[in-house]
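Me: Please take a close look at one part of this structure. Then connect it to what lies around it.

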Protein chains: 2
Amino acid sequence: MNSKIPPLSASEINHINAYWRACNYLAAGMIYLRDNPLLKEPLKLEHIKNRLLGHWGSSPGLSFGYIHMNRLIVKYDLNAIFMAGPGHGAPGVLGPVYLEGRYSEVYPNKGENIDGMRQFFKEFSFPGGIGSHCTPETPGSIHEGGELGYSVSHAFGAAFDNPDLIVTVMVGDGESETAPLATSWHSNKFLNPIRDGAVLPILHLNGYKINNPTILSRISHEELENLFKGYGWTPYFVEGSDPETMHQRMAQVMEECVLEIRRIQTEARESGIPARPRWPMIVLRSPKGWTGPAEVDGKKMEGFWRSHQVPIGDVKTPEHFAKLEEWLSSYKIDELFDENGKLLPELKALAPKGIRRMSANLHANGGLLRRALHMPNCRDYAVEVKNPGTTVAENTRPLGKFLRDIMQANMQNFRVFGPDENSSNKLDNIYEVSKKTWLADYLPEDAGGGELSPDGRVMEMLSEHTLEGWLEGYLLSGRHGFFSTYEAFVHVIDSMFNQHAKWLAMSKDVPWRAPVSSLNLLITSTVWRQDHNGFTHQDPGFLDLVVNKSPEVTRIYLPPDVNCLLSVADHCLKSTDYINVIVCDKQKHLQFLNMEAAILHCTKGIGIWDWACNDQGSEPDVVMASAGDIPTKEALAAVMLLREHFPDLKIRFINVVDLYKLTPSTEHPHGLSDRDFDSLFTKDRPVMFNFHGYPWLIHRLAYRRHNHQNFHVRGYKEKGSINTPLELAIQNQIDRFSLVIDIIDRLPALQVSGAHIKEKMLNKQIECRNYAYAHGIDLPEVDNWTWTL
Amino acid sequence: MNSKIPPLSASEINHINAYWRACNYLAAGMIYLRDNPLLKEPLKLEHIKNRLLGHWGSSPGLSFGYIHMNRLIVKYDLNAIFMAGPGHGAPGVLGPVYLEGRYSEVYPNKGENIDGMRQFFKEFSFPGGIGSHCTPETPGSIHEGGELGYSVSHAFGAAFDNPDLIVTVMVGDGESETAPLATSWHSNKFLNPIRDGAVLPILHLNGYKINNPTILSRISHEELENLFKGYGWTPYFVEGSDPETMHQRMAQVMEECVLEIRRIQTEARESGIPARPRWPMIVLRSPKGWTGPAEVDGKKMEGFWRSHQVPIGDVKTPEHFAKLEEWLSSYKIDELFDENGKLLPELKALAPKGIRRMSANLHANGGLLRRALHMPNCRDYAVEVKNPGTTVAENTRPLGKFLRDIMQANMQNFRVFGPDENSSNKLDNIYEVSKKTWLADYLPEDAGGGELSPDGRVMEMLSEHTLEGWLEGYLLSGRHGFFSTYEAFVHVIDSMFNQHAKWLAMSKDVPWRAPVSSLNLLITSTVWRQDHNGFTHQDPGFLDLVVNKSPEVTRIYLPPDVNCLLSVADHCLKSTDYINVIVCDKQKHLQFLNMEAAILHCTKGIGIWDWACNDQGSEPDVVMASAGDIPTKEALAAVMLLREHFPDLKIRFINVVDLYKLTPSTEHPHGLSDRDFDSLFTKDRPVMFNFHGYPWLIHRLAYRRHNHQNFHVRGYKEKGSINTPLELAIQNQIDRFSLVIDIIDRLPALQVSGAHIKEKMLNKQIECRNYAYAHGIDLPEVDNWTWTL
């Protein structure tokens with residue numbers, strides 16, 4: 001222990017404990033009371049809510065951490081925010097937020113008075129009221145904690161590029177068992193003490209989850225210490241249950257941690273050497289449901305899992321009622337609040353003021369700090385396309401150059417994220433201006449192509465969870481980012497996507513929250529190009545998940561080529577409050593549109609490609625549509641085959657970039673009106689739709705359309721193994737030959753004349769397969785096919 | 001180091017190194033050669049594959065671990081299997097599998113001779129050939145390793161209840177960064193040394209991922225040692241690159257680990273005290289791409305990330321070609337194989353024999369060991385239902401009793417899994433016969449309701465990833481299990497579900513793999529009963545993911561009540577090779593069917609509930625359909641309202657348990673024929689479908705049906721916050737009043753007479769909301785509604 005830190009005086013301890021009692025009373029009040037908030041009259045049944053909802057267990061520990069950070073904010077004028085890993089303990093956060101006045105500023109009907117407190121209590125976990133987790137409505141929260149596991153990665157995301165910020169993050173010991181949390185401790189190898197702020201984790205060992213002890217609370221002190229030292233932290237322990245002792249100890253330890261953070265930062269910043277320090281972290285071992293009833297019905301309550309939610313459930317029995325009354329009275333609130341329900345001035349003085357309050361810190365309402373990116377002109381990265389479908393290029397490489405120059409122009413508020421795959425995903429031009437962040441050890445060979453640097457702004461760790469968590473924290477605190485990942489493994493973060501989409505959707509209804517940058521997710525290394533990995537790497541189903549979430553926040557783009565990808569990325573990086581999902585493969589693909597045409601096409605989101613149509617001025621016999629790079633190539637090849645073999649057939653070709661165009665305009669803001677939809681797809685002609693993903697998604701989006709019954713959709717249907725790309729297409733019937741056969745089958749006029757063409761197509765498929773099985777590669781004439789009409 | 005272990009003699013080292021050279025040659029040969037497998041003639045371009053696919057980097061390390069385990073299997077007659085965390089290094093596994101003769105037994109066209117070796121090389125990563133990961137086609141594999149992160153949890157799953165088994169698991173250092181892997185090290189707190197086998201992890205620090213160093217290879221030795229001690233292991237280090245030294249060291253260390261495992265087991269088994277030992281694990285630090293080319297094009301290759309896949313890419317240049325030739329020659333295979341391509345007898349002698357070979361161990365083809373469960377009669381757990389829709393019960397509680405008695409009757413090959421939620425999910429009767437497995441520390445208060453025991457068979461850890469991994473490993477090694485989890489957070493394991501479904505689908509095509517028990521997943525604490533958690537806990541979208549996977553392996557059930565849940569669970573627990581997803585809430589719900597009716601209904605999977613219909617003997621005016629507990633209750637209430645207000649309206653009521661019944665029979669084996677479907681849903685009458693999940697899933701399944709255009713589906717549409725259950729239903733329009741309004745809107749005959757009923761329904765909704773907002777609970781008359789017609 002640092003001997004230079006003076007212990008708290010008895011009076012200071014009394015004050016801080018009084019403040020904490022107020023927090024704990026508020027937490028209990030929120031769970032139980034709908035009236036009589038100051039207990040001015042004897043407690044009656046009618047003061048108690050009909051439904052008792054909320055989580056008491058972790059609340060006292062959360063407010064304990066919160067107010068001890070408050071003390072240091074005041075003492076050292078710190079710039080700090082607070083994250084509650086176990087967000088279900090919201091009463092432990094809402095209490096201090098209310099006490100420091102922020103809640104009342106934002107929600108004037110919950111003022112710092114009796115009426116306000118009554119309303120505050122009543123609305124908690126009440127229909128139409130205050131959520132039971134640290135929802136977007138919670139001032140100071142950028143981490144709801146509804147799903148556990150992301151607190152540490154969110155905290156790091158907020159700390160990056162905020163050199164003065166300290167992110168205090170309480171980590172639940174239940175949460176610490178989750179997979180995402182367990183690896184996120186390694187985030188300390190990606191934090192630069194010169195450029196970034198600090199994260200101060202407080203592992204809250206309150207011993208229990210819902211019904212079980214937690215692992216980390218039931219291993220030896222030595223193991224626990226080893227574990228955190230092994231993770232690269234310096235653990236400090238605060239353990240006990242006596243409030244006064246614990247306040248003294250926590251005050252000392254937390255102050256030492258803050259001073260250690262300052263020392264590390266000063267040393268790094270003065271020396272200019274960004275070595276990896278062993279940052280401090282705190283292990284707070286305190287009873288679950290601390291200060292709650294010790295026993296209920298003769299069963300252990302405080303310090304046991306039973307106190308996880310509502311310690312005294314049925315309050316209609318006299319004993320239970322008496323126990324509740326005794327418990328609430330134990331906080332002696334007449335010593336804490338004046339008769340109007342306002343916290344006494346000497347306690348009020350303990351909290352920070354203005355935007356130094358963690359509930360009012362701008363970093364926790366990052367949209368207020370957000371500055372738009374300085375964007376280079378995406379046109380400058382275009383590939384030349386003289387004639388559609390005649391040249392090939394790697395679709396993602398020019399995007400890498402675009403991202404490089406965006407990075408160059410925004411070296412303080414933009415980062416690029418990817419799980420060890422930015423090179424694999426052909427975005428490596430970005431390293432020309434910013435390398436990969438790396439604070440772990442270096443070896444001599446790193447000079448030969450490692451692209452590592454403590455100053456790097458490209459975040460690579462083989463944990464999609466951690467990357468997504470960092471990115472969310474970075475965005476919610478007002479910055480910008482871009483995340484690329486393998487298509488099949490974006491499912492690793494399905495649940496994080498769900499939660500972030502819900503956060504954004506709810507935030508839109510919170511008037512004081514400013515819009516934050518969209519989360520931009522490039523899904524690449526797609527299903528159709530997994531030759532060397534096979535079946536496990538084939539899953540285009542993330543989109544099926546995306547469409548379940550609010551249309552207010554979800555966007556899906558399938559740019560068919562380089563220039564469209566550039567245009568889409570340009571749009572997405574300028575947008576706010578969305579999750580933009582972009583699907584585009586990294587390999588060499590046929591190019592279709594020059595830059596101006598691409599911008600026009602992407603702005604519309606869907607359109608007829610005239611050069612591929614021969615239905616000019618008339619209704620087509622058939623509509624060929626596509627979404628995605630490979631499906632577009634195959635669909636165009638099918639059009640060429642059809643026009644060769646059936647020159648009189650009128651074919652319209654439609655490409656879809658913005659997938660939600662297919663949805664009715666009543667269901668998604670991007671949806672086409674029925675009239676526009678019909679004018680593209682007709683009301684009655686057969687539509688052959690070649691899709692990147694699972695085929696039924698198109699049906700799901702378009703099933704309310706007039707012509708839906710004539711939609712015939714091809715896509716991936718779980719037919720894969722070690723194949724060549726063409727063979728994979730054939731097995732899933734998205735190849736040109738299958739499409740021609742499909743159309744012949746669906747057009748009565750072609751039944752007779754088409755019979756031998758069908759046979760020809762089938763033979764061609766066999767030829768392709770035989771060639772692949774003999775040579776291990778695709779038939780060159782098919783593989784290298786280009787548009788020649 | 002244990003001084004009793006004699007070092008290997010020079011001759012032993014020579015032999016083991018020769019065997020390893022053979023492995024490494026085979027790995028290189030698989031990646032490069034399509035002919036001239038024994039290099040009997042000078043290498044020519046035409047001997048080399050056109051596409052070079054595969055991962056060389058981790059292969060030598062994998063085979064190094066494999067053959068050192070072989071040595072100990074032979075020496076101590078061990079019963080062991082092998083898992084390759086980085087399954088993309090399959091060449092490092094396939095090599096030893098081929099050398100010990102197992103590959104040729106299973107695939108006779110890949111015999112132990114020149115032709116067989118040629119075929120083995122050629123087909124690797126070749127169209128229609130051998131997968132590039134440790135796919136189900138790989139003898140001895142129950143862990144594909146296509147997606148990283150699950151090796152350790154799979155290993156523990158296989159070790160549970162197999163006291164003699166040692167599961168050797170190589171963990172990639174890239175893999176070790178993933179979230180699931182990071183927390184799975186804690187599995188050692190759930191392994192009982194008396195009853196369970198052992199897991200011997202070998203963390204393979206080969207330093208690099210695709211393009212980056214790995215975190216664990218770039219922290220200090222001290223940190224690394226602390227980390228694993230903190231995780232509760234005793235780490236042993238084998239570090240270096242000189243093969244001879246490394247063989248000596250690995251042999252010593254691995255033998256010491258095996259002896260330590262034996263010592264721990266003997267001590268625990270003789271004393272009967274199942275304390276938690278600090279199991280040994282090995283850190284193997286060896287160069288990536290070990291024994292491969294040191295440099296290519298003047299750039300570091302061996303021991304660097306560049307050797308991750310194919311070390312020498314373009315072999316058409318003379319230098320590259322020469323380098324490849326030099327590399328392949330370096331293994332001196334004429335010293336290893338006879339002229340016919342068979343491994344020399346003195347090397348052959350190093351491998352275990354028969355089923356002691358890890359490639360032939362029955363535990364890695366668990367279906368062969370699987371014994372059907374002894375099943376009590378599910379009828380014995382039925383709740384009495386005299387009249388449909390008149391009593392309530394907690395849907396999951398009788399299931400808990402059923403599971404308890406299944407457990408009782410199968411105490412060696414059945415386990416129940418849940419993330420700290422079996423009590424919360426009302427399955428706690430199970431603890432009467434088996435408590436929760438717990439090998440971490442105990443406290444006195446555990447006696448008061450902890451339900452913990454080292455002998456427990458209920459697996460609870462707050463990591464869905466680890467549970468799913470354990471369960472998969474347990475099932476694939478021939479046992480049975482049941483996993484229940486919160487609906488919203490089943491998305492945490494989306495990607496694991498995807499991978500397991502792919503494994504099962506591919507396994508069905510592998511004739512020598514015996515069927516394994518189905519993975520039974522109960523999704524509970526559902527969207528409609530999340531009053532105290534709110535929006536973050538509402539997501540019924542897992543089913544949308546399930547339907548993307550092969551219909552051969554996926555099943556979905558939505559039992560509407562207790563007895564249906566029992567019948568469904570009974571069926572699922574007897575089945576093999578499926579993933580059975582069961583959706584049923586844990587709270588009190590209305591009961592509809594007595595046990596016999598339930599069995600009949602569930603066996604059919606879909607059916608008309610006559611007692612709720614008044615269309616007997618005629619075509620209905622409208623069909624009301626439902627799937628799921630709450631939607632069924634609301635749909636029935638709507639039927640009652642309709643019959644009250646429109647007595648002449650002919651209504652048919654259909655309940656769906658087996659969701660795939662809606663799919664065409666051509667697309668899923670459970671699908672109804674069109675004729676049967678039409679006879680239920682009619683060809684032209686309006687169908688009102690009240691669904692548990694997102695509504696569009698019903699459209700997706702039924703869009704090819706004749707009457708699909710008349711389907712009107714209600715379900716969850718992301719409208720949630722802190723609501724009462726009824727208010728949540730109203731917001732999402734699955735409530736009875738909305739359904740009545742929907743039907744009035746869709747039946748022209750009701751337009752006039754229905755106008756005032758619509759108004760009445762709307763007023764009722766307002767009344768419900770007002771009541772909820774005033775009292776915090778639902779209007780009792782609606783909440784406690786029962787069927788009275």
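**Loop residues and the chain pair**

Reply: Gly272(A) follows α9(A) and has a positive phi, near 75°. Helices (H or I, at least four residues) and strands (E, at least two) are DSSP runs, numbered from the N terminus. This is a predicted model: local features need pLDDT of at least 70, side-chain atom pairs count only at pLDDT 80 or more, and totals for chains, interfaces and linings use all residues. Residues are numbered from 1 along each chain as its sequence is written, chains are lettered from A and ligands numbered from 1 in the order written, and side-chain values use heavy atoms, without hydrogens and water.

Now the loop residue Asn723(A). It sits between β22 (711-714) and α21 (725-731) of chain A. Asn723(A) is buried, at 3% relative accessibility (buried means under 20% relative accessible area, exposed over 50%, partly exposed in between; 1.4 Å probe, protein chains only). A polar atom of its side chain lies 3.0 Å from the backbone nitrogen of Ser721(A). Beyond its neighbours within four places in sequence, Asn723(A) contacts Asp531(A), Leu728(A), Gln731(A), Arg51(B) and Pro127(B). Contact means heavy atoms within 4.5 Å.

A 180° rotation with 0.0 Å of shift along its axis superposes chain A on chain B, RMSD 0.0 Å (least squares on C-alpha atoms of residues with pLDDT of at least 70 in both). The two copies are thus related as by a two-fold rotation axis. Of the interface residues of chain A, 99% are also interface residues in chain B, so the copies meet through the same surface.

How values were computed: A polar contact is a pair of N or O atoms within 3.5 Å; within protein, one must be able to donate a hydrogen and the other to accept it, and residues adjacent in sequence count only if both atoms are side-chain atoms.
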